[in-house]
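Notebook open, model loaded. I want to look up the overall build first, then a sheet, then some charged pairs.

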Amino acid sequence: MEFQSCFPIWDKISEAQQKSILDSLIFRQIKKGTVLYSGKEDCTGLFFIKSGQLRAYILSEEGREITIYRLFDWDICLFSASCILRSIQFDVCIETEKDTELWIIPAKIYRQLMEQSAAAANYTNEIMAARFSEVMWLMEQTMWKSMDKRVAAFLLEEAAIENSNRLNITHETIANHLGTHREVVTRMLRYFQGEGMVKLSRGVTELLDEQKLKQLKNS
């Protein structure tokens, strides 16, 4: 699979713009757990994921994490080029959740493309709107949903992503996704285990009753 097939507006930009992108394009293979981007001072460029999985999160002053969205094959990470987006007023960190292959368009090149191409500017705005919707959904969940519902929803989402009911994930990792403390997650999971919804072992959470988890999530 070539980059051209991943970039949705490739046929809407000029040959000169296409050449500029291809001449500057960077391909990287990155191991799981690598922090790719850690704020505006590290304005790398746009990430186009060929394969793998990324996690975008924000950090509190106390160092607590909360996931704002995740990216998969063929997804585009815009916040890694936040220095070209004047409306971005907060720092986002991005790390690999799995071994990942991606292309990078340097920020300078993409800025020029946005200035020259209405298609690129519109496409960027569409991505921004989608990410904003995800952040608003996260705020709604954080403000109005109880932790047991949020943990249940996360377990179901993770099972769908991994296509497995056996999740190799620590309580600390779940806490980082949800912006809470490990002890809170542990207490919730032990409650779920007592209710027969999950089975816990070291570094593993196995979903036993998805229907019951869905009922809790939607209650």
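My entries follow, going from the whole protein down to single side chains.

**Ground rules.** I am working on a predicted model, where local features need pLDDT of at least 70 and side-chain atom pairs count only at pLDDT 80 or more, while totals for chains, interfaces and linings use all residues. Residues are numbered from 1 along each chain as its sequence is written, and side-chain values use heavy atoms, with hydrogens and water left out.

**Overall build.** I looked up the secondary structure and got 8 helices and 11 strands. Both are DSSP runs numbered from the N terminus: helices are H or I with at least four residues, strands are E with at least two. Along the principal axes, the C-alpha atoms fill a box of roughly 60 × 35 × 30 Å.

How much of the protein is buried? I get 47% of the 219 residues. Here buried means under 20% relative accessible area, exposed means over 50%, and partly exposed is in between (1.4 Å probe, protein chains only).

For contacts (heavy atoms within 4.5 Å), I took pairs at least 6 apart in sequence, and 69% of these join residues at least 24 apart. The exposed surface comes to about 11,800 Å², with carbon and sulfur atoms supplying 48% of it. That area is from the Shrake-Rupley method with a 1.4 Å probe.

I also checked the charges: the mean positions of the 27 positive and 30 negative ones are 4 Å apart. Lys and Arg count as positive and Asp and Glu as negative, with His and the chain ends not counted. Each charge is placed at NZ of Lys, CZ of Arg, CG of Asp or CD of Glu.

**Sheet.** Two strands count as paired if DSSP finds at least two bridges between them; β10 and β11 (residues 204-207) have 4. Within that pairing, V198 stands opposite L207 of β11.

**Y191.** This residue sits in helix α7 (residues 182-194). I noted Y191 as partly exposed because its relative accessibility is 42%. Its C-alpha is 14 Å from that of S146, 45 residues away along the chain.

**Salt bridges.** My criterion is a side-chain nitrogen of Lys or Arg within 4 Å of a carboxyl oxygen of Asp or Glu. The whole structure gives 10 of them.

- K19 and D23 meet at 2.7 Å, N to O. They lie 4 residues apart in helix α2 (residues 15-24), about one turn of the helix, and both are exposed.
- R70 bridges to E97, with the closest N and O atoms 2.9 Å apart. R70 is in strand β5 (residues 65-71) and E97 in the loop between β7 (93-96) and β8 (100-106), so the pair ties together parts 27 residues apart in sequence. R70 counts as buried at 10% relative accessibility, and E97 is buried at 16%.
- E195 and K212 meet at 3.9 Å, N to O. E195 is in the loop between α7 and β10 and K212 in helix α8 (residues 210-218), so this pair ties together parts 17 residues apart in sequence. E195 is partly exposed at 37%, and K212 is partly exposed at 30%.
- R55, E65 and E95 are linked in a salt-bridge network.
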